[in-house]
Every structure is written in C-alpha cells, then in structure tokens.
Amino acid sequence: MYYIGIDIGGMSIKGGITDENGNILAKGSIVTKPYNPYRETVKDIAGLCKKLMAEAGITEADIKGVGMGIPGTINSQKGVITYSNNIHFENVPIVKEFRKYIDVPTYIGNDANCAALGEMVFGTGKGYKDAIFITLGTGVGSGIIIDGKIFEGKDGAGAEAGHMGIRIGGDKCTCGKRGCWESYASATALIRQTQRAMNRHPESLMHKVAAEHGKVSGRTAFIAARAGDKAALGVVNRYVKYVSEGLISLVNIFRPEILLIGGGISNEGDYFIKKLQRQVSLYSYGGRRNPYVKVLKASLLNDAGLLGAVALCVRH
Ligand SMILES: [Zn+2]
C-alpha cells in the first residue's frame, strides 16, 4: 500500500509517494500561486499527484490515503482550511474539492503539526509518546504530541507556541501583537539581531562572513562565532536564550520526554542543540530534580513536511 504526502508552502507545493515505512518512491513540486482561486490550486495539486503516480508506476487503487500539511488554522475534522495567510485561503473545503479528482481518503493538518507527527512516526521521535516539536525558520512553528497524538485545540486553532508572549511591548510580530516568541526566536529574528550587532561592531568577522555569502543570513553569526568572533558569540548566546525562554515555558507546562528542534537553524547541529540543552536542563522547573527533557535535532529535514503529511494518513 502507498501514500501520497503533500506539503503546501508559501513558495512551493511539494508532493511525494511513499510506502508505509516512509520510503519515497517519487517526489516533485509545483510553484505556489498566492491569490490563485483555490479550485485552480487544488486542480494543480491533483495534477502533481497523477504525475507522481505515473512515475512510480501505480494507480489510484494502490493509494491508501492522501495527507496534506498546510500552514495556518486547519480544521482537520471538517477537511477545511479555516485560514492560511501564506497562501491567502479562507474557509476552503480542500478535501471535498480534491476528492473530485482523486477519490481516496484525504486528511489535512497544520504543517507544523504534521512535521511533528512525521518525526514521531518516521524520525527522531520514534519510540517516544510525549514530544514538542519546534521549527526555527521564517517563523516559529510548533507541534505538540501528547500520548502519541497531535494536540490541536478547538477547531485546530491551538498549539501556536510561536505566538506566546515572552516580552511585553517587545518586537512586533507578524500576527500583529508585540513580544511574541517568534519575533525573537525565528531565523528572521536572528537575522535582525545579527544585523544590529554588525552595526554596533564594524570590526566583527560577521561582516566578512556576510560578504562571502552575499547576504546576512541565519548562519552568519554562527559561522563567525565558531571562528572565535566575540560579537558573533554574543549574538548566538543571546539567541540561544531567546529560544530557550520559550522551550522552558513549554517544558514547564507539558513536561514532554523530548524537545525536537527543526527548521533551518537546527542545521547548526550539536553546537546549537547542546547550548539549548544546557539552558533547558538548568532552568526548567525543578531543575535536575524533575524528569530530564532531552533536546534533539529533528531528522527528516527537507522531507519533513512531506513525510509528516504521510504520517497523518498512517496514524489514521
Ligand atoms: Zn505573534
């Protein structure tokens, strides 16, 4: 039996066919057209699925389920995208529309929730039951897994840990509020913090690193810090504190077995993860007296969204 996973993003829509173990048989992508009427987008997605089925040499009858991970507020029970600001969809009955083209059981979920589930079924989270997955990318995405199941809140509108407040009146967030965790812990925020430090420290190695890479990125401060640059190390350590501030709050509320870190910044690997682990272990409630919470790097990387969408089907 095979599954189709669809990962809908602001820039592209990725699709893949896998077996029940998450082995990818075929994958491809199409460009996301924001402001496109949803019927057109769904038609394009169905077209991608048909192309992939042909490539893998299978038919609709071989497909046990289709899963879709979508950014925004997703009503997984009703199969409706309540609101997605990245692709500008509101109240879109995507499952009903999709099944006009490919009539197999279709499940949808918030993309970060899917990625979390994907890690639990196919990745680092295998064998654990309680986990919190955080993606540090353009924004801060979160997926909360309790007893092996995604916690979504009413109509899928919950589990937006990126928008918990860490500073009253702080930096402005994309959601309109100020001081959200995301406005300090996302890659976008790290770039802003790096830029500010560069302005203050014209002597810093960060200038050379940014020039070599053609821009200031989420990697700039990390590269310079590893090379011993003091100002860069200051940026990294401060960023670690911002990320940890949210992680510690989540540990204090949920006390999961593991914290899974994904998204672009997680590619900094052990250097970054160990710093987070130290903060979480030191400052979570009860310190070392309470159960140890492991901080781990997510493992599915570029296929996280796709495999997460497949995991939605597998878990059904
Ligand atoms: Zn916010």
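Author: Start at the contact between the domains. Domain 1 and domain 2 share 3 residue pairs in polar contact, with both residues of each pair at pLDDT 80 or more. The pLDDT cut-off applies because this is a predicted model.

Reader: Which parts of domain 1 supply at least two residues each to the side that touches domain 2?

Author: Strand S5 (73-75), helix H3 (111-122) and helix H10 (304-315) do. H3 gives the most, with 8 residues. By class, this side of domain 1 has 8 nonpolar, 5 polar and 2 charged residues.

Reader: What makes domain 1 and domain 2 separate entries, and where do they run?

Author: The domain assignment of the protein chain sets the bounds. Domain 1 covers 2-121 + 303-315, and domain 2 covers 126-299. Their centres, taken over C-alpha atoms, are 27 Å apart. The contact takes 15 residues from domain 1 and 21 residues from domain 2.

Reader: How do you know how much area the two domains bury?

Author: The size of an interface is often given as the accessible area lost when the parts come together. Here domain 1 and domain 2 bury about 1500 Å² between them. Of that area, 55% is on carbon and sulfur atoms. Asn113, Glu119 and Met120 supply 46% of what domain 1 buries against domain 2, more than any other three residues.

Reader: How many salt bridges are there between domain 1 and domain 2?

Author: The count there is 0. The structure as a whole holds 11 salt bridges.

Reader: Why is the meeting of Glu55 and Lys51 called a salt bridge?

Author: Set the distance against the cut-off. The N to O distance between their side chains is 3.8 Å. The limit is 4 Å, so the pair qualifies. Side chains of opposite charge can pair when their charged atoms come close.

Reader: What separates Glu55 and Lys51 along the helix?

Author: They are 4 residues apart in helix H1 (residues 38-56), so about one helical turn separates them.

**A pair of strands**

Reader: Why are S6 and S7 called paired strands?

Author: Pairing takes at least two bridges. Strand S6 (residues 80-84) and strand S7 (residues 89-92) have 3 bridges, so they count as paired. Their sense is antiparallel. In one of the bridges, Tyr83 has Glu90 of S7 as its partner.

Reader: What lies between the strands of this hairpin?

Author: There are 4 residues between S6 and S7. In this hairpin, His88 takes a positive phi near 60°.

Conventions: Residues are numbered from 1 along each chain as its sequence is written. This is a predicted model: local features need pLDDT of at least 70, side-chain atom pairs count only at pLDDT 80 or more; totals for chains, interfaces and linings use all residues. Side-chain values use heavy atoms; hydrogens and water are left out. Domain bounds come from an automatic or database domain assignment. Contact means heavy atoms within 4.5 Å. Buried area is the accessible area (1.4 Å probe) that two parts lose on being put together, summed over both. A polar contact is a pair of N or O atoms within 3.5 Å; within protein, one must be able to donate a hydrogen and the other to accept it, and residues adjacent in sequence count only if both atoms are side-chain atoms. Ala, Val, Leu, Ile, Met, Phe, Trp, Tyr, Cys and Pro count as nonpolar, Asp, Glu, Lys and Arg as charged, and the others, Gly among them, as polar.
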